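Okay, thanks for coming, everyone. I'd like to walk through the aromatic rings in this one, and then the helix and the core around them. Let me put it up.

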Amino acid sequence: MTHSRRSVLRRGAGLAVAGTAASLAGCAGNGGGGSEGFESGYAAFFTLNDWANEVAGDNASFEDPVDVGQLGHGWTPDGTLAADVAATDAFVYLDSPEFAWAQDLAATLESDYDTVATVDVLDGLEGDLLEWNHSHGESHDEEGHDEEGHDEEGHDEGDHDGEGHDEGDHDNGTRYDPHVWTDPVLAAEMVDTIATGLGEADPDNAEAYAANAEAYAADLDAIDDAFRSIAEDAARDVAVLAGHNSFQYLEARYGFRLRSPVGVSPQNEPTQSEIADTIDLVDAEGIDVVLYDRFQSPRLAESIVENSGAAEAVPVTPAGGTTREWNDAGYGYLEQMTEINVPAFERAFGAQ
């Protein structure tokens, strides 16, 4: 089974990882283990892996190729990943140029390994994607970046490693913010897409996948309710995020407004004027909590706190990866949203 895909970037050189079609040849005829039943797969990054395992339940297991401490876009696979995925039953991914490696891998699987189901979780959500705006400062404008590609294993967890990412466009030339998963309403649709894809690949367990997705959707509904309550109880309509903004979908869903002095990329440096304007906003709005992305450096947030009336810098997570601490605590997507983001947004918007 092959889920429909909209805009796969089929590069002239084929799969943009060291494992080429030639290195996959040894797997031909074995891909997906279809003759032995549906048992395993890969998902392109932390959240998709968490969701795939929740949907699969006891019927299959999924693996995340991205190491703890790293995020999935702007990431470069090693030379064995293509062969490893081709030897399983499914690949769950996001058909976005920000995950070009996953697009290329899915294209190769669809072309050469029809026993491996490829499930694009963005299928059907084309009309819900939000564009990236390249200006600085206001909400909905900080959404380009490489939050992925920060390896907290090799250096300061908050520092950027300078790795860029594919700035590729969709077919119409428009860049879209890939962080759809931060919206719990759209997340439920994506989980349902995973259940549909796995059910088509493994009809014997389709009902179980659908039931697992439905149960998980109830947890996502609770997160939706929590954010709606924050929006209703907020003492202010703006909060400060000291870094590039991965939460445009939350802003659009709940009417939040996040102000950041950073532009579309973590490689962009805010000007002194932009930082000063942000500090003025903190003081004018009586903001006591400045947010920062847990996968970025807290230094800008700490500087704003030191030079304003704010009291504390508090982390949030785009849920595109995990840390060793969260991994050891067993945090999945739900825990990152409920234990990290919901309390942080409550404080930042004065909804406590």
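So, aromatic pairs: the count comes to 17, where rings of Phe, Tyr and Trp (its six-membered ring) pair if their centres lie within 6.5 Å, and planes under 30 degrees apart are stacked, over 60 edge-to-face and the rest tilted. Take phenylalanine 227 and phenylalanine 256: the centres are 6.2 Å apart and the planes sit at 70°, so that's edge-to-face. Phenylalanine 227 is in helix 6 and phenylalanine 256 is in the loop between helix 7 and strand 6 (258–259), so the pair ties together parts 29 residues apart in sequence. Helices here are DSSP runs of H or I, at least four residues, and strands are runs of E, at least two, numbered from the N terminus.

Before I go on, the caveats. This is a predicted model, with local features needing pLDDT of at least 70 and side-chain atom pairs counting only at pLDDT 80 or more, while totals for chains, interfaces and linings use all residues. Residues are numbered from 1 along each chain as its sequence is written, and side-chain values use heavy atoms, with hydrogens and water left out.

Back to the pair: buried or exposed? Phenylalanine 227 is buried, at 0% relative accessible area, and phenylalanine 256 is buried too, at 4%. Buried means under 20%, exposed over 50%, partly exposed in between, with a 1.4 Å probe and protein chains only. Ring pairs also put both of them in a cluster with Phe247, Tyr254, Phe345 and Phe349.

Now helix 6 itself, residues 206–233. Its 28 residues reach 41 Å from first C-alpha to last, close to the 40 Å expected, which is 1.5 Å times one less than the number of residues. Its buried residues include Tyr209, Ala213, Tyr216, Leu220 and Phe227. What covers the buried ones? Among other things, helix 2 (46–56), helix 5 (184–201), helix 7 (248–254) and helix 11 (333–348).

Last bit, the core. A nonpolar core is a set of buried Ala, Val, Leu, Ile, Met, Phe, Trp, Tyr and Cys residues joined through side-chain atoms within 4.5 Å. The largest has 74 residues, and Trp51, Phe91, Phe227, Tyr333 and Phe345 touch the most other members. Leaving out residues up to four places away in sequence, tryptophan 51 touches Trp181, Ala187, Met190, Val191, Ile194, Tyr216 and Tyr333, contact being heavy atoms within 4.5 Å. Apart from that core lies another, of 16 residues, including Val282 and Ile304.
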